[in-house]
Amino acid sequence: GVIVSSVSKMNEYYLRNANDDHKQFTMCHELGHGYGLPHTDENPYNKNLNNCLDYTDDPDENLDPGEVNMIKLRNMYLTRRLRSRRVESDGTIVETTEILANENDEQ
C-alpha cells in the first residue's frame, strides 16, 4: 500500500510536564509511524537504540530517526518496482519479471 495522508498530534495533556527532549522524541516517534515505520524495539528498559522509534525511558538519547529508520524510509519511498511481461499473441501472460531498483542506482 501507499500512504497518502497522515496526521500526528501532540497530546498536550500527556506532555504538559515533559521537557523539550521528550516532546521532540514523541513527535519524531509519531511522525515515523505516519511514514509507515514500525517500532525498532518495544522494551523501554533495555539499551537505547538511539532512534526515536525505540521505546525508551531516556528520550534525550533517541531524538531522531537514526540510520536504521532512514534506510527503511529510503527502501520504502526511493525504491521503484520495475515490471516487465512477456505476452503471447492470444494475450496470455507467460512471464513476469519484477526488479527492485533504488532511485540512485544507474539503470
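In this predicted model, confidence is highest in helix α1 (residues 20-34), with a mean pLDDT of 94, and lowest in strand β2 (residues 93-102), with a mean of 64; pLDDT is the predictor's confidence in each residue, from 0 to 100. Helices (H or I, at least four residues) and strands (E, at least two) are DSSP runs, numbered from the N terminus. Over the protein the mean pLDDT is 84, and 81% of the residues reach 70 or more. Where pLDDT is low, the predicted coordinates should not be read in detail.

Residues are numbered from 1 along each chain as its sequence is written. Local features need pLDDT of at least 70, side-chain atom pairs count only at pLDDT 80 or more, totals for chains, interfaces and linings use all residues, and side-chain values use heavy atoms, without hydrogens and water.

Now to the disulfide, a pair of cysteine sulfur atoms within 2.5 Å. There is one disulfide by this rule, formed by Cys-28 and Cys-52 with their sulfur atoms 2.0 Å apart. The pair links distant parts of the chain, 24 residues apart, since Cys-28 sits in helix α1 and Cys-52 in the loop between α1 and α2. The torsion about the S-S bond is about -55°, so the disulfide is left-handed.
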